Amino acid sequence: MSADSHPTLPPVRLLPDAELARDALAAPLFARAVRLARWAGPATRVDIGGELVAAQVPEAVALLGLDPADEDSAAYASQAWRVAVDTGLVDVTEPEEDAPESAEAAGGEGESGTAEPGEDLALVTGGTPGDVLDLWLAALDTVLADAAVPALDDLVDALDAGGEIDFDQLDWNPRREADFLDGVLANLYLLSVAEGGAADGPVPLPVLAASMVVPDDMGDPTDAVLEQVSDAMMRLDDQFRQLEPIGLVEFRPVDEDLMAEAEDEEFLPGSGSGDAPDEEDVSRYGMVRLTPLGLYGIRARMLEAGVEAPAVGELAGKGADVLLDVVSHYSESAAQAEIEQWLAGRPVPTAVAELLAAARGADAGAPLRRLRCQQALAPAGAEAEPAVRAVLDDAELGGLARVWLAEHGVADVPAPDEEMVFWLTVDTIAAQLAADGEDGGGEARELPLLIESLTAHHAGFFEQAWRVEHPATAYVLEAMGRLHPDRKAAKEARKAAFKARSRNA
């Protein structure tokens, strides 16, 4: 990641590969695929396409401990076999295309293909955690492809008299369906990693469906849009049922009683009523959450697609300049987690000197780098003091150094002159503006209080502030003019901003 590459997604906190690999091996569908791969041998027969011949499916069902009386058991066994083949856990030799598709098809005398354990099966127990996760990702690809296919009932309804599927009637486009599912999982990922998102709790299915259907600029959804949300919910309900066995998600399906009652707007929680639905009511419409393994899997797919999806800890081997530049665009908690991993294992004096050097600069991002540097130095102990003292006379870092020394109870800290105080004030507000953005957030809540406090403790603040030799002086004064709760002081700030711009011009 380059110093000027700013990820658009928040960083995800992933479990260690070893823990993720254990989760992958414990996923029911993957575990079934492994068992079938170990079972494959000289007596195993397959059709064209590598599927188990019908006569062997009951044996596979029994091997997996599935209920033979359950009509879904054969489908579960066939899916596990397909995953084993697609991941390379099983190698199949298909019958010739002009031969009968199975021994049964020719009255027991025809030819069929054979199967045997694949070379990759050895990786399950003898490979690295990364090898296991690669196998699981291949299995995930198979399951996602299956989940994008219409339900069997829909396929049957779309068969014409000649046995061909009428795709116009089915209204199914493979690429469109795959893109829809990828979009849903991307939205679920973003909700899971965003600050204040759903990482610690499931996402209601209506929320996820609405994120794919309702335009961002729409106020109250129309009846037509609500119907689309309802349809999307039912598609997702079916798809997440298929994705749960591979360990991607934890899923609570839509309450079957609701399905029976579903009628137009009454199907969506809160529709047709001014009352907000309670938590129990919402949960009946389905709840979904990415597992830690699911976070890993969706991130891996994003990276493969060229999406920049950072993970906490991946900057540990980078320089301090890259660290401060990148974490400047993280939330405070994510930045702290990344900084802690960067500091781990580095000698404190060397790390502190590198951070201070990287915090210098007159560019627009420099104030926020210095704020993150201050955050990084906060937990450092006495070992950091020599490196911090070394920048006491630095025009850009002297104020930061004095703050750190004072907070750590160091004696004989030289008092800053007035010029440094005002420079540090402008730098701090510029950093806060960069961290919170211009559209609200912390700016709307905390900055006005900070600004009011600063001006209250400095008589004639604005008359002196416009003279500060800082690249962001005019920008900061303009922001103070917008945000100061006192109208008179806000007007003074705007005048000071005009003076600062005129002076620079």
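Which residue forms a salt bridge with R389, and how far apart are the closest N and O atoms? The partner is D412, and the closest N and O atoms are 2.7 Å apart. D412 sits in the loop between helix 20 and helix 21 while R389 belongs to helix 19, so the pair ties together parts that are 23 residues apart in sequence. This is a predicted model, in which local features need pLDDT of at least 70 and side-chain atom pairs count only at pLDDT 80 or more, whereas totals for chains, interfaces and linings use all residues. Residues are numbered from 1 along each chain as its sequence is written, and side-chain values use heavy atoms, with hydrogens and water left out.

**Salt bridges around R389**

- A salt bridge here is a side-chain nitrogen of Lys or Arg within 4 Å of a carboxyl oxygen of Asp or Glu, and a search of the whole structure finds 19 of them.
- R389 also meets E385 in a salt bridge, at 2.9 Å from N to O.
- R389 and E385 both lie in helix 19, four residues apart, about one turn of the helix; helices are DSSP runs (H or I, at least four residues) numbered from the N terminus.
- D412 is exposed, at 62% relative accessibility, whereas R389 is partly exposed at 27% and E385 is partly exposed at 23%.
- For these classes, buried means under 20% relative accessible area, exposed over 50%, and partly exposed in between (1.4 Å probe, protein chains only).

**Other salt bridges**

- The side chains of R370 and E396 form a salt bridge of 3.9 Å, N to O.
- This pair links distant parts of the chain, 26 residues apart: R370 is in helix 18 (residues 366-377), and E396 is in the loop between helix 19 (385-389) and helix 20.
- R370 counts as buried at 4% relative accessibility, while E396 is partly exposed at 22%.
- A network of salt bridges links E51, R82 and D146.

**The loop residue A415**

- A415 is placed in the loop between helix 20 (398-407) and helix 21 (418-436).
- With a relative accessible area of 66%, A415 is exposed.
- The C-alpha atoms of A415 and G399 are 9.5 Å apart in space, and the two residues are 16 residues apart in sequence.

- S73 is found in helix 4 (residues 73-86) and counts as buried at 3% relative accessibility.
- A polar atom of the S73 side chain lies 2.5 Å from the backbone oxygen of D67.

Key:
Helix = DSSP H or I, 4+ residues; strand = E, 2+ residues; numbered from the N terminus. Polar contact = N/O pair within 3.5 Å; in protein donor to acceptor, adjacent residues only side chain to side chain.
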